[in-house]
Amino acid sequence: FWLKTIYLCCKIKQKFLMKNKPNIIIFNPDQWRGDMLGYLGYPGAQTPNLDNIIKEDAVAFKNAFCQATVCTPSRCSFMTGWYPHVHGHRTMHYMLHTDQGDSSILSELKNKDYFIWWGGKNDLIAGQEGYRNHCDIYFEPTERDFQKWDYTQQPGTHGGDLSWRGPEDGDNYYSFFKGKLDKKDKDIYFDDDWSMVYGALDFIKDYKQEKPFCLFLPLGYPHPPYCVEDPWFSSIDRSVIPNRYQYKTWEDKPSLLKGIMDGQRMQDWTDERWNELRAVYLGMCARVDYQFGLLVNQLKENNLYDDTLIIFLSDHGDFTGDYNLVEKTQNTFQDCLTNVPLIIKPPKSENTLNGVSDTMIELIDIAGTIYDYSNIEPSYWHFGKSIKNFIEQKTDNHREEVFTEGGRLRLERQASENQSLQLPHGLYYPRVSLQGQEDEILMHTKATMCRNKKFKYIKRAYEKDEFYNLIEDPGEINNVIDDPQYASELKKLKDKMLSWYQETCDVVPVSYTHLRAHETVLDLVCRLLLE
């Protein structure tokens with residue numbers, strides 16, 4: 001009798017607690033740099049939906065920084081709260097393995113009775129493991145979906161006809177510049193991103209289960225190739241695009257940058273061509289903004305908006321012509337790569353911030369923030385610092401410094417990119433081909449960045465360190481690592497980096513006993529019965 005009574009009480013308590021947990025949206029475009037946004041006043045940027053949500057309901061963090069500047073290590077970082085070095089997730093191919101003790105925001109929420117919907121790219125979970133530990137639905141559209149939507153699937157922009165690249169010895173072959181997409185007789189170019197967005201809209205429309213949900217939408221745009229359809233292609237004013245940053249000398253910069261620039265062969269592009277590329281990138285961002293607006297409107301139509309935690313973030317940025325480069329690198333940390341958009345719309349409550357904040361944020365803080373809002377104690381130790389108290393104006397500051405890392409050690413071949421990408425016809429050949437060199441200079445040298453609002457220090461394993469005065473030199477043109485006037489500030493950031501490494505060098509597994517130490521006997525019995 002008493003066991004039945006306790007079990008019934010458990011079910012009632014569980015239902016009440018889950019009912020009061022927020023739904024969660026993680027809207028995750030790929031490779032959107034943090035300055036090209038309308039609400040930050042970037043000329044030509046068109047992001048009306050992002051602009052609108054921060055006017056009353058959300059906070060945009062203009063000083064948000066990723067912990068790695070390429071896809072996989074960055075996602076493994078912010079979806080766990082671990083820095084890339086903690087469990088070795090600092091390469092393009094070593095992803096999360098739950099059978100090896102790795103967890104994620106998604107698996108933790110799933111284990112705490114959230115319903116998880118995942119639609120979009122992976123770059124997170126080991127393919128051989130599958131998605132069962134991290135989501136309830138991994139969305140893949142069916143023919144029935146396409147019939148319902150009245151669209152057919154268009155080819156992905158990475159594959160298909162590659163004639164847009166031009167001759168192999170031309171200056172567009174490695175540019176990633178494709179231009180205007182032909183949408184045929186339809187209103188949009190219905191690629192994978194559109195399929196995922198439409199799938200997410202259908203999920204929100206039809207969701208009637210009692211559990212709160214987490215919707216994870218990692219899109220492909222604005223990741224190159226640089227291409228987009230009308231109306232977004234034609235919507236950007238090419239004449240207002242700002243000037244690009246360009247180096248005066250390459251001698252005190254990491255050798256990988258000069259190697260990539262030489263390989264991409266775009267040094268002789270005119271400003272007009274560069275502006276066209278940047279305008280197309282801004283058009284890609286504008287399309288993602290429109291898709292985000294569709295999702296927000298659907299939440300409102302289903303009366304879910306107020307009770308939903310919405311997080312909009314990119315995994316890293318893009319050169320987009322700065323320094324005569326396109327795409328990104330693994331071991332250089334210019335702001336165009338490390339600084340990313342981050343917008344958080346909390347569940348509706350009193351005294352929450354809105355607008356643009358300049359406090360320093362690391363993307364690993366997303367994990368701690370989600371666990372905080374959902375009142376979940378994760379089963380593992382992490383380093384993400386919840387932003388909830390800052391959003392609720394219970395604290396005036398969040399972080400003083402942020403860190404980013406990447407690259408590899410000499411002979412650490414397992415940390416290089418896949419050898420198949422080194423074929424000369426591959427888009428990434430100028431970058432990946434340089435990783436095989438083990439001569440006097442390792443171009444893919446391991447490096448770490450420590451940055452505050454005024455200064456940036458970069459420690460390199462085998463090449464010259466870097467130090468920049470970001471107030472006087474926001475483009476990071478002049479490396480002042482040897483200038484004695486900055487000795488004091490340099491020492492401060494070096495000491496910060498040493499402390500950071502000491503504090504985050506590993507994680508000790510959280511034991512079952514320690515994790516549950518706060519539980520009462522009744523809580524323990526109730527949970528065991530439910531499990």
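Me: In this predicted model, which residues of H10 are buried?
Reply: Helix H10 spans residues 365-373 in this predicted model. Eight of its nine residues are buried, so H10 is largely enclosed by the rest of the structure. The buried residues are Asp-365, Ile-366, Ala-367, Gly-368, Thr-369, Ile-370, Tyr-371 and Tyr-373.

Me: What is the relative accessible area of Thr-369?
Reply: Thr-369 lies in helix H10. Among its contacts, not counting residues up to four places away in sequence, are Lys-385, Ser-386, Ile-387 and Lys-388. Buried means under 20% relative accessible area, and Thr-369 is buried with a value of 0%.

Me: How many Å apart in space are Thr-369 and Phe-213?
Reply: In sequence, Thr-369 and Phe-213 are 156 residues apart. In space, C-alpha to C-alpha, the separation of Thr-369 and Phe-213 is 16 Å.

Me: Which residue just after H10 takes a positive phi?
Reply: Helix H10 covers residues 365-373. Just after H10, a positive phi of about 55° is taken by Asn-375.

Me: Is His-85 buried or exposed?
Reply: His-85 is placed in the loop between helix H3 (71-78) and helix H4 (105-111). Leaving aside residues up to four places away in sequence, His-85 touches Glu-405, Trp-500, Tyr-501, Thr-504 and Cys-505. The cut-off for burial is under 20% relative accessible area; with 15%, His-85 is buried.

Me: What covers the buried residues of H2?
Reply: Helix H2 comprises residues 48-56, and Leu-50, Asp-51, Ile-53 and Ile-54 are buried in it. The cover over these buried residues includes strand S2 (59-65), H8, strand S8 (308-313), strand S9 (342-345) and strand S10 (355-362).

Me: Are H2 and H8 roughly parallel or oblique to each other?
Reply: The axes of H2 and H8 are 7 Å apart and pack at an angle of about 50°. Angles under 35 degrees count as roughly parallel and those from 65 to 115 as roughly perpendicular. H2 and H8 are therefore oblique.

Me: How many nonpolar, polar and charged residues make up the contact of H2 with H8?
Reply: From H2, the contact draws on Pro-48, Asn-49, Leu-50 and Ile-53. From H8, it draws on Asp-289, Tyr-290, Phe-292, Gly-293 and Val-296. By class, the contact of H2 with H8 divides into six nonpolar, two polar and one charged.

Me: Are H6 and H8 roughly parallel or roughly antiparallel?
Reply: Helix H6 (residues 192-206) and helix H8 (residues 271-301) have axes that come within 9 Å and cross at roughly 10°. Angles under 35 degrees count as roughly parallel. The orientation of H6 to H8 is therefore roughly parallel.

Me: Which residues of H8 make the contact with H6?
Reply: On the H6 side, the contact is made by Asp-193, Trp-194, Val-197, Ala-200, Leu-201, Ile-204 and Lys-205. By class, the contact of H6 with H8 has nine nonpolar, two polar and three charged residues. The residues on the H8 side are Arg-287, Tyr-290, Gln-291, Leu-294, Leu-295, Gln-298 and Leu-299.

Me: What is the radius of gyration of the protein?
Reply: The protein has 15 helices and 14 strands. For its 531 residues the globule rule gives 24 Å, and the radius of gyration is close to that, so the protein is as compact as a globular protein of that length. The radius of gyration is 23 Å.

Me: What percentage of the residues of the protein count as buried?
Reply: The accessible surface of the protein comes to about 22900 Å², with 51% belonging to carbon and sulfur atoms. Of the 531 residues, the share that counts as buried is 59%.

Notes: Residues numbered from 1 in each chain as written. Predicted model: local features only at pLDDT ≥ 70, side-chain atom pairs only at ≥ 80, totals over all residues. Heavy atoms only, no water. Axes fitted to C-alpha atoms, helices over the stretch in contact; angles between N-to-C directions. Helix = DSSP H or I, 4+ residues; strand = E, 2+ residues; numbered from the N terminus. Parallel < 35°, antiparallel > 145°, perpendicular 65-115°, else oblique. Contact = heavy atoms within 4.5 Å. Nonpolar A, V, L, I, M, F, W, Y, C, P; charged D, E, K, R; others polar. Rg over C-alpha atoms; globule rule 2.2 N^0.38 Å. Buried < 20%, exposed > 50% of the residue type's maximum accessible area, 1.4 Å probe, protein only. Areas by Shrake-Rupley, 256 points an atom, 1.4 Å probe, with all protein chains shown as cover.
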